[in-house]
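Work through the following exercises with the sequence and the structure side by side, and try each task before reading its solution.

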Amino acid sequence: MTHDVPAAERLPLRERKKLRTRSALIDTALALFTERGFDRVTLDELCEAVEISKRTFFRNFAGKEQVASAPLESMWNGLRDDVEHLPLGHAPLLDVLQAALLSALARMDDGDGVWVRRVRLSQRLAERTPSVAGHGWQYCDRTSAAVEEILRRRLDLAPDDPRPRLALEMVVSAFHAALRTWT
């Protein structure tokens, strides 16, 4: 039955290859950055280690900072996409956003700890690499703005209504506090 087969295995071969390449890029980048330091790994070296072209790299990531931040970005991208379909108006917005975040986190559980390991490496790297930390904050700001806009549209709220931003900031802040404690 298809429901017993992981979603990635139900994808066409081309899509599965893209996912494997992306995964290899993330794992290799995090390993090299951790071992040698972010600034001591060139894009050429990373591409050579994964046996891909720079063109293939840039089809997956905008730069080294993004590949280093990929684990958490994938979770936040999932949350952002989920907001389009959340059941709004039946419970406090904060509760709905918290449940959505927990759902996005649960989807990251691959059963073998790969995502967890990647997040830890990524966070440690961000702690000692200003450009990676800066990328993470810019990404967070852009994603929060996108989620806020979706919430405003779906709830038919005025642009100056602070409630979506406040609820979102509380969820994001709680997540970051938990992440700092966890990593």
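Axes are lines fitted to C-alpha atoms, for helices over the stretch in contact, and angles run from 0 to 180 degrees between N-to-C directions. The model used here is a predicted one.

**Exercise 1.** Determine how the axes of α1 and α4 are oriented to each other, and which residues meet.

Solution. The two axes come within 9 Å, and they cross at roughly 105°. Angles of 65 to 115 degrees count as roughly perpendicular, so α1 is roughly perpendicular to α4. On the α1 side the contact is made by L25, I26, A29, L30 and F33, which meet K64, V67, A68, A70 and P71 of α4.

**Exercise 2.** Check whether the length of α6 agrees with its number of residues, and find what its buried residues pack against.

Solution. Helix α6 covers residues 114-128, and because each of its 15 residues is taken at 1.5 Å, the helix should span 21 Å; the end C-alpha atoms lie 22 Å apart, which agrees. Its buried residues are W115, R118, V119, L121, S122, Q123, L125 and A126, and they pack against α1, α4, α5, α7 and α8.

**Exercise 3.** Locate E51 and D156, each with a positive phi although not a glycine, and decide whether they are buried or exposed.

Solution. E51, with a phi of about 65°, is found in the loop between α2 and α3. Exposed means over 50% relative accessible area, and E51 therefore counts as exposed at 72%. D156, with a phi of about 55°, lies in the loop between α7 and α8, and its relative accessible area of 70% makes D156 exposed.

Conventions: Residues are numbered from 1 along each chain as its sequence is written. This is a predicted model: local features need pLDDT of at least 70, side-chain atom pairs count only at pLDDT 80 or more; totals for chains, interfaces and linings use all residues. Side-chain values use heavy atoms; hydrogens and water are left out. Helices (H or I, at least four residues) and strands (E, at least two) are DSSP runs, numbered from the N terminus. The expected span of a helix is 1.5 Å times one less than its number of residues. Buried means under 20% relative accessible area, exposed over 50%, partly exposed in between (1.4 Å probe, protein chains only). Contact means heavy atoms within 4.5 Å. Angles under 35 degrees count as roughly parallel, over 145 as roughly antiparallel, 65 to 115 as roughly perpendicular and the rest as oblique.
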